[in-house]
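Please keep the sequence and the structure in view while reading.

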Amino acid sequence: MRALETALDGLRALIAGGDLQPRDRLPSESELCERFGVSRGSLREAIRMLSALGVLDTRHGSGTYVGDLRAAPILENLSLTVGLLPLDSLLELTELRRALESHAASLAAARIGDADLDALDVLLAELEVTTDDTDQSRLDHEFHMRIVEVGANTAFAAMVAVLRSRSRAYHLFSTDDGAAVKQLSDAGHRAIWHALRSRDPMAAAAAAAAHVTQTETWLRKHRPPAVVAGP
C-alpha cells in the first residue's frame, strides 16, 4: 500500500506541479518507476486508479496521457462511488446538497429568462399530474437540474447531479405518507418557481433549502429501500 501511495503521490505531483500538462503523454514506465522508486505493479495500479477518476487516459498501443482535466467530467466520475452509498451515508451529504441547490436557485432567480420559466412551468404541470414513481423521479430531477444549469457553471451542475443521483434511488411516493409527500413536494416546487418568476434570489434560496430539508425529513422517517435500476 505504501508503494501505491508513493506512485500516486508522484503522479499527482507531476500533474499538479505543471510538469505534465493536459493531454501530455506520460514518461515510460521504467522512467517513472525509477523516479518514484516503485515497482511496475504499483505504478500500473496508480495509473488505473487515476484513469478511473478521469485524470489519466490510457490508450492501447499508444501509452497513457493526462486527461483534459476539466472539472465537470472529473466530478461526474464521483457518481460511481456516491451511487453505492447506503441511506445513512447519503443523508450525511444532504447539508451539502441543500447549500448547493439553494445557492443555485438564488443565482437562477437573478439570471432566469422567460423561456426558461415557461419550460419549468410545463415540467411542473406534468410532474403535478403524474403518479408513476419513475416519471416523478425523472421530472423532479430535470426540474432541479434546469434551475442549476441556469444559475451555475458546468462544474457546479456536475456536483449537484452527483449528489442527486443516489437520492433518486429512494422512492418516497409509494410510502404510507405518499399522498402527503406528493402534495408537499409539488407545493415546494411551485414555491421555488414563484420565487424564480419574481426574480427574488433570497426567496428562491429559502424555498430550495426548505424543499431539500423536507425531502430529508421524509427519508429519515420512512427509510425506503434503494431501487436499483436494471442494466
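The model is predicted. Helix α9, residues 133-151, packs with α11 at an axis angle of roughly 20 degrees, and α8 packs with α9 at about 165 degrees. By the rule used here, the model has 3 cavities of 30 Å³ or more.

**Helix α9 with helix α11**

- Helix α11 spans residues 178-197, and its axis comes within 12 Å of the axis of α9.
- The two axes cross at roughly 20 degrees, which makes α9 roughly parallel to α11, because angles under 35 degrees count as such.
- The crossing of α9 past α11 is left-handed.
- On the α9 side, the contact is formed by Q136, D140, F143, H144 and I147; on the α11 side, K182, H189, I192 and L196 take part.
- Sorted by class, the residues of this contact are 4 nonpolar, 3 polar and 2 charged.

**Helix α8 with helix α9**

- Helix α8 covers residues 114-129, and its axis lies 9 Å from that of α9.
- The angle of about 165 degrees makes α8 roughly antiparallel to α9, because angles over 145 degrees fall in that class.
- α8 also passes α9 in a left-handed crossing.
- From α8, the residues in contact are D116, A119, L120, L123, L124, E126 and L127.
- Their partners in α9 are Q136, R138, L139, D140, E142, F143, R146, I147 and V150.
- This contact divides into 9 nonpolar, 1 polar and 6 charged residues.
- Q136, D140, F143 and I147 of α9 take part in the contact with α8 and also in the contact with α11.

**The second largest pocket**

- The volume of the second largest pocket is about 230 Å³.
- Its lining consists of R25, L26, P27, S28, E29, L32, R44, I47, R48, T58, G63 and T64.
- At least two lining residues come from each of α2 (29-36), α3 (40-52) and β2 (63-66).
- Helix α3 contributes the most to this lining, with 3 residues.
- The lining of this pocket is made up of 4 nonpolar, 4 polar and 4 charged residues.

**The largest cavity**

- The largest cavity has a volume of about 350 Å³.
- It is lined by 20 residues, of which D140, Y170, L172, F173 and T215 are the closest to its centre.
- D140 also belongs to the α9 side of the contact with α11 and to the α9 side of the contact with α8.
- Helices α9, α10 (154-167), α11 and α12 (201-222) each supply at least two residues of the lining.
- By class, the lining of the largest cavity has 6 nonpolar, 9 polar and 5 charged residues.

**The second largest cavity**

- The second largest cavity holds about 80 Å³ of space.
- Its lining residues are L90, L91, L93, T94, R97, L163, S167, V212, T215, E216 and L219.
- Two or more of these residues come from each of α6 (87-92), α7 (94-111), α10 and α12.
- Helix α12 provides the largest share of this lining, 4 residues.
- T215 lines the second largest cavity and is among the residues closest to the centre of the largest cavity.
- The lining of the second largest cavity comprises 6 nonpolar, 3 polar and 2 charged residues.

Key. Residues are numbered from 1 along each chain as its sequence is written. This is a predicted model: local features need pLDDT of at least 70, side-chain atom pairs count only at pLDDT 80 or more; totals for chains, interfaces and linings use all residues. Side-chain values use heavy atoms; hydrogens and water are left out. Axes are lines fitted to C-alpha atoms, for helices over the stretch in contact, and angles run from 0 to 180 degrees between N-to-C directions. Angles under 35 degrees count as roughly parallel, over 145 as roughly antiparallel, 65 to 115 as roughly perpendicular and the rest as oblique. A crossing is left-handed if the near helix is turned anticlockwise from the far one by less than a right angle, and right-handed if clockwise. Contact means heavy atoms within 4.5 Å. Ala, Val, Leu, Ile, Met, Phe, Trp, Tyr, Cys and Pro count as nonpolar, Asp, Glu, Lys and Arg as charged, and the others, Gly among them, as polar. On a 1 Å grid over the protein atoms alone, a cavity is a set of points where a 1.4 Å probe fits but cannot get out, and a pocket is an open set with protein on both sides within 12 Å along at least five of seven lines; lining residues have an atom within 4 Å of a point. Grid points are joined across faces, edges and corners, and a volume is the space filled by probe spheres set on the points.
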